[in-house]
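This briefing sets out the overall dimensions of a protein model and the architecture of one of its sheets. The topics are taken in turn below.

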Amino acid sequence: MIRLYDTARQEVVPLTLRDPGKVSMYACGPTVYGPPHLGHGRMVLVFDVVRRFLAWSGLDVTFVSNITDIDDKIIERAINEGRDSAEIAVKCEAIWWQAMDRLDVLRPDATPHATAYVDQMIDLLERLISSDAAYVTSDGVYLSVEGVEGYGLLAHQSLDQLLEGGGDREIVGTEKRHQADFALWKFAKEGEPSWNSPWGDGRPGWHTECVVMSLDLLGEGFDLHGGGLDLTFPHHENERAQAIADGKVFSTHWMHNGFVEMDGEKMSKSLGNVQNLLDLTEKYDPRAYRLLILRSHYRSPMEVTDVTLRDAEAALDRLDGFARRTRDLNVEPAPSVVAEFTELMSNDFDTAGAVDLMFRQVREGNTALDGNDTTTAALAVSAVREITGALGLRLVDEERAAPAEMLALAEERSAARAGKDFARADEIRDELAAAGWTVEDGPDGPLLRPLG
């Protein structure tokens with residue numbers, strides 16, 4: 001039985017499925033206005049591992065993750081750069097998928113785009129307005145949260161607690177009826193992209209997108225809704241509120257991963273410590289970030305530094321070395337180890353315990369090989385292959401030497417950096433990445449590693 005921590009219930013509970021043997025899961029995808037950062041990477045990898053394990057366990061998984069391709073941030077960047085917002089969204093989405101591919105993330109079964117669902121969002125708003133669950137003002141359409149039963153569930157606070165000190169007093173400077181009411185539709189300003197609606201040209205609010213897309217593709221009462229902890233409130237709460245106001249049964253379970261920390265502080269734009277995910281995959285073995293995430297429980301904060309990433313790379317070297325050493329060994333099933341792995345992962349996805357189990361098998365396998373005990377070694381190899389496969393951790397069991405032309409480019413990059421020609425150095429780095437290599441600046445000169 002698979003158990004997970006349900007954010008709404010605040011406890012570890014059995015995973016309840018709407019349809020026996022099938023899992024329907026949704027995770028909020030990117031708003032494509034810039035390159036993905038490490039927080040995006042953690043969220044995506046966490047749910048990639050969850051999806052892989054559920055499928056490995058024999059369940060039929062349908063996974064949906066959206067693309068927000070119209071949003072205030074996209075519009076703001078388009079205005080600042082004098083570009084079309086659609087152009088920015090398309091380019092940034094391509095960068096997103098480039099990063100996901102480098103991280104060996106499985107593509108979702110469906111990737112709905114917000115712009116393709118505007119008509120359905122308008123239909124939802126019409127129903128909410130007709131039932132007095134939403135209302136029109138001079139700047140848009142708002143949901144009235146006072147009529148939503150249990151609003152604040154994911155924040156674990158009542159509406160009064162959320163708005164302590166605000167109450168029902170007049171909202172100065174707005175036409176909102178209540179402080180917590182949120183925009184479902186924003187009337188367009190001059191020069192902004194817009195769609196026609198019965199209330200006026202405009203665009204949907206961010207919170208409206210996911211509720212429409214998830215229910216359309218997965219149906220009412222789908223099993224699992226996930227995302228980063230920062231989305232719990234208000235985003236996920238406001239998704240849920242719209243479904244309830246529309247008389248729909250929303251997600252059965254809610255699952256959220258913890259923050260990424262750098263130098264002991266939560267990663268955020270306000271702190272200026274947001275790191276580009278593509279840069280990480282070029283500087284380090286991309287698999288290192290998956291291993292680093294696996295070493296932490298998904299709900300815990302995770303420290304990302306050069307030290308932790310280098311340590312993950314060193315661990316990967318040990319895994320790859322074991323894979324090369326045992327490449328031609330005939331393996332035997334290791335049911336007891338697989339059962340232990342299953343128990344760990346079924347207990348709220350204890351990847352840290354699973355990783356410890358995996359490296360224990362590596363040590364036991366190497367010890368057995370040193371003593372010419374191929375029977376024990378074969379069991380260890382089987383266990384390692386099973387675990388890495390279930391977790392999406394790809395091993396390299398063949399030596400891959402860098403071609404001479406790649407080594408020459410790496411040396412040219414070092415010379416460019418020494419001459420402070422950083423533009424050329426970046427160009428060479430991109431050329432190497434396009435050819436499947438990442439370059440690291442070591443004490444003995446440049447070091448080339450295959451990507452993935």
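Two strands are taken to pair if DSSP finds at least two bridges between them. In this predicted model, Y26 has V64 of β4 as its bridge partner. That bridge belongs with the pairing of strand β3 (residues 22-27) and strand β4 (residues 60-65), which run parallel and are joined by six bridges.

**Overall form**

- The protein contains 15 helices and 15 strands.
- Its radius of gyration is 25 Å, close to the 22 Å that the globule rule gives for 452 residues, so the protein is as compact as a globular protein of that length.
- Taken along the principal axes, the box filled by the C-alpha atoms is roughly 75 × 55 × 35 Å.

**Burial, surface and contacts**

- Of the 452 residues, 52% count as buried.
- The accessible surface of the protein is about 20200 Å², and carbon and sulfur atoms account for 48% of this area.
- Of the contacts between residues at least 6 apart in sequence, 74% join residues that are at least 24 apart.

**The four-stranded sheet**

- An open sheet is formed by four strands in the order β4-β3-β9-β10, with parallel pairing.
- At the edges lie β4 and β10 (253-257), each of which pairs on one side only.
- On average, neighbouring strands of this sheet are turned by 20° against each other, direction ignored.
- β3 is joined to strand β9 (residues 224-228) by three bridges, and these two strands run parallel.

- Helix α1 (residues 38-56) forms a right-handed β-α-β unit together with β3 and β4.
- The two strands of this unit are the parallel pair joined by six bridges, and Y26 and V64 are bridge partners there.

Key:
Residues are numbered from 1 along each chain as its sequence is written. This is a predicted model: local features need pLDDT of at least 70, side-chain atom pairs count only at pLDDT 80 or more; totals for chains, interfaces and linings use all residues. Side-chain values use heavy atoms; hydrogens and water are left out. A crossover is right-handed if, with the strands pointing away from the viewer, the path from the first strand over the helix to the second runs clockwise. The radius of gyration is taken over C-alpha atoms; the globule rule is 2.2 Å times the number of residues to the power 0.38. Buried means under 20% relative accessible area, exposed over 50%, partly exposed in between (1.4 Å probe, protein chains only). Contact means heavy atoms within 4.5 Å. Accessible areas come from the Shrake-Rupley method with a 1.4 Å probe; for residues, only the protein chains shown count as cover. Axes are lines fitted to C-alpha atoms, for helices over the stretch in contact, and angles run from 0 to 180 degrees between N-to-C directions.
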